[in-house]
Protein chains: 2
Amino acid sequence: MGRARRCRFCHRPAEVVVRQANLPLCREHFISWFERRVERTIRRYRMLGPGERVLVAVSGGKDSLALLHALKSLSGPMGFEVSAVTLDLGIEGNSYSKLSVETASRAAKALGVEHIVVSIGDRYGFTLDEAVRVVRRPPCSLCGLIKRYALTDVARELGFDALATGHTLDDVARFLLSSYIFTSIRELVRQTPVVPPKLPGLPRLIKPFYESLEEHIRAYADFLGLNYMQDGCPYARTAPTDYFRAFLDEVEARSPGAKHTMVRGYIKHIRPALLASLGNKIEPIRPCSKCGLPSSGEVCAFCRLRERVLRALGKA
Amino acid sequence: MGRARRCRFCHRPAEVVVRQANLPLCREHFISWFERRVERTIRRYRMLGPGERVLVAVSGGKDSLALLHALKSLSGPMGFEVSAVTLDLGIEGNSYSKLSVETASRAAKALGVEHIVVSIGDRYGFTLDEAVRVVRRPPCSLCGLIKRYALTDVARELGFDALATGHTLDDVARFLLSSYIFTSIRELVRQTPVVPPKLPGLPRLIKPFYESLEEHIRAYADFLGLNYMQDGCPYARTAPTDYFRAFLDEVEARSPGAKHTMVRGYIKHIRPALLASLGNKIEPIRPCSKCGLPSSGEVCAFCRLRERVLRALGKA
C-alpha cells in the first residue's frame, strides 16, 4: 500500500486492521469495536439480561482478564452485575496457582469488582498436583473436570445467574475441527455458546468470547495495558493440539473470517440437524447422590475422582 | 524396534506396515490385502453387481491406473466387466493430454481392457486450453465441470451401468474438511461413495477408493510396477489446498485411521442428519433442454459454458 492506513472512524493512524471486515482502527475505536462485538454476542445468544448477576472465571491469563474487563465495561449499559472467581488449583510448578490468584486479585481490585478465591485443596481436600500424581489421566483432562465442577459449585452456592468463561472463537473452532475428524457426535452437540442449567438452581454457562478471535482479544488486552500472566500452566506442554491451532490460523490468514464462518455454520446448520437426529437418545441427567450437582450416573465424575484421590492419599 | 518386521501371513520380511491395523505385510500379501479392502468398499456401498459393466475414468496418473488394475483383478471373482475411458482434454502444456492418453492406452492394453479415447475438442468443439483462455474461472473448476460432463455423456452413450473414478479417502477427507470449515451444506451432502443416476439411462457414479489411503494406493501401484505419469497437470499449481493435505497427513500420522474415522463418521452420522434437515429443500433436477443430461436449470452448466466458449472463439 505504501500509505499508512487510518482509522475508519477518526482518521488517526490505525493500529490494527480487522481483516475479515477490512476495517482499520485506532486503539480507542478498536476497543469500542471489540466491546460492541462482545455485546452483540451476548444479545444474539441471550447470555445475560438486566438485573442478572454473572460470575466470571478468571485464571489471570490474557483471555480471562480481557473477559473480566469487557464484561465490567458492558455491565453498566447492559444492566448486569459482575463478580470474579479464581480457583487456587494447587499447581506448585512455577508458583503457577499463587501467581494466578495474585494476578486476578490485582485486576479485580483495579476494576472495583468483587473477587472470590476458592482453594480446591481447602474445599475438596486435594489439589490438582495430588490428583495428577495418583491418577493416570492427562493433567488437562483432570483439570478440566475439576474446574468445571468447582466453578459450577461455587456459582450455585452464591446464587449467580450465570457463569462466564473466556473460551474464544479459536477454542471453539479447534474443538469443532477435532470433533468433525474424530466424529464424537455427543461431544459435538454439547458445544454451544450458552449451556442452560441442567438442574434448577444452577447457573447457565456462557461464553461471551464465542465470536471473538484470540488475536483481537490479545490486542484488546494489550491496548488496555492489562497485566496478564505471560507464562502458561506448567502442565500445558502435554496439550497435543498445537498443530490444530497452526492449521486454523493458516485457514484464517488465507480466508479472513473463516473461523467465524465455521462456528456460525455449525450453530446454524450442523448442530440443529445432529440434535434432531439424536432425538431422545441424549443421556438423561440427574442429581449426583453425593453432591447434588448434575450427573449422568448415580455418582458424578467429580465425586468419583475425589473419592479415588482421597483414598490414594490416605485421607478417606 | 531393532528387528525387521515380518509379514503377518507368510513371515517373509514386511515391505509395508498398515499403520491403522499395525499390520506388517510383504508385497504379495499387501496387494491382496489392498484389493480385499477395495472389494469390501464395493460391497459395503453396493457399487457394482454381477453382470454389470463399469467404465473406469483413467487419466494415466497413479490413482486411476491403480483403480483400473484393482477393478480388473476384482472383475473375475465379482462378476462385472471393466472398460477404460480417457479424455483428451487438449492440454498442451508439457504435452500433458498426449502423455495422458498414451499412458492410459498402454496400461489398458497390458491388462487386456477395452480403452475408449474421447477428444473433447472433436466431440464438443473446444479444448480445455481454449476454455481457460476465454473464461475467467480457475482452470481446475473448468476442468472438473468438463470432465464430469463428458464422462457421464460417454458412459450414457455406451450404456454403462457405472462410471468409476479414482477419488481417494484423502480426497474425500480434504473435501469434508473444507466443507465443514466453509459450511456449504448442499455441497457437503453431495459427497457420497455412490451417486445414483439422476435421470433414467445414466450411469451411477462410484468411488471404489473411497476407503483407500493415497499412501496405500501408491504402494499398490509401485509394487505392481505400474507405469504411471509422474508429472501432474500443468494447471495444478493453481490448486490452493496443499496445506489441507499437509494437515490431514499430520492427523493421520499421529492417529492412524483418522481419515477413515472422519469419512465413516460423516457417512454414518453427519450426512444422514443433514439430509433429513434439508428435507425437500434439495434442488429438483431436470433434463437440460439442449443435451438431455441432468440440470438444475433450463440449460445445464456445461452447455452454457460450451456456448460461451464457442462464441468467444468465433465458432458459434
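## Exercises on a two-chain model

In this predicted model, 100% of the interface residues of chain A are also interface residues in chain B, so the copies meet through the same surface.

**Exercise 1.** Work out which elements of chain A give two or more residues to the side that touches chain B, and which of the classes nonpolar, polar and charged its residues belong to.

*Solution.* Begin with the extent of the contact: 19 residues of chain A are in contact with 19 residues of chain B. Next, look for the elements that give two or more residues to this side of chain A, which are α7 (169-182), α10 (242-254) and α11 (258-278) of chain A. The largest share comes from α11(A), with 10 residues. Finally, sort the side of chain A that touches chain B by class, which gives 13 nonpolar, 5 polar and 1 charged residues.

**Exercise 2.** Find what rotation superposes chain A on chain B, and which residue of chain A comes closest to the rotation axis.

*Solution.* Two copies of a chain are related by a rotation about an axis and a shift along it. Here the rotation is 180° and the shift along its axis is 0.0 Å, and chain A is superposed on chain B with an RMSD of 0.0 Å. That is the relation of a two-fold axis. Of the residues of chain A, the one that comes closest to this axis is Ala273(A), whose C-alpha lies at 2.6 Å.

**Exercise 3.** Describe how helix α2 of chain B packs with helix α9 of chain B, and decide how the two are oriented to each other.

*Solution.* Helix α2 (residues 62-78) and helix α9 (residues 214-223) of chain B pack at an angle of about 70°, and their axes are 9 Å apart. Angles of 65 to 115 degrees count as roughly perpendicular, and α2(B) and α9(B) are therefore roughly perpendicular to each other. The contact is made by Lys62(B), Asp63(B), Leu65(B) and Ala66(B) of α2(B), together with Ile217(B), Arg218(B), Tyr220(B) and Ala221(B) of α9(B). Of the residues in this contact of α2(B) with α9(B), 5 are nonpolar, none is polar and 3 are charged.

Methods. Residues numbered from 1 in each chain as written. Chains lettered and ligands numbered in written order. Predicted model: local features only at pLDDT ≥ 70, side-chain atom pairs only at ≥ 80, totals over all residues. Axes fitted to C-alpha atoms, helices over the stretch in contact; angles between N-to-C directions. Helix = DSSP H or I, 4+ residues; strand = E, 2+ residues; numbered from the N terminus. Parallel < 35°, antiparallel > 145°, perpendicular 65-115°, else oblique. Contact = placed C-beta atoms within 7 Å. Nonpolar A, V, L, I, M, F, W, Y, C, P; charged D, E, K, R; others polar. Least-squares fit on C-alpha atoms with pLDDT ≥ 70 in both.
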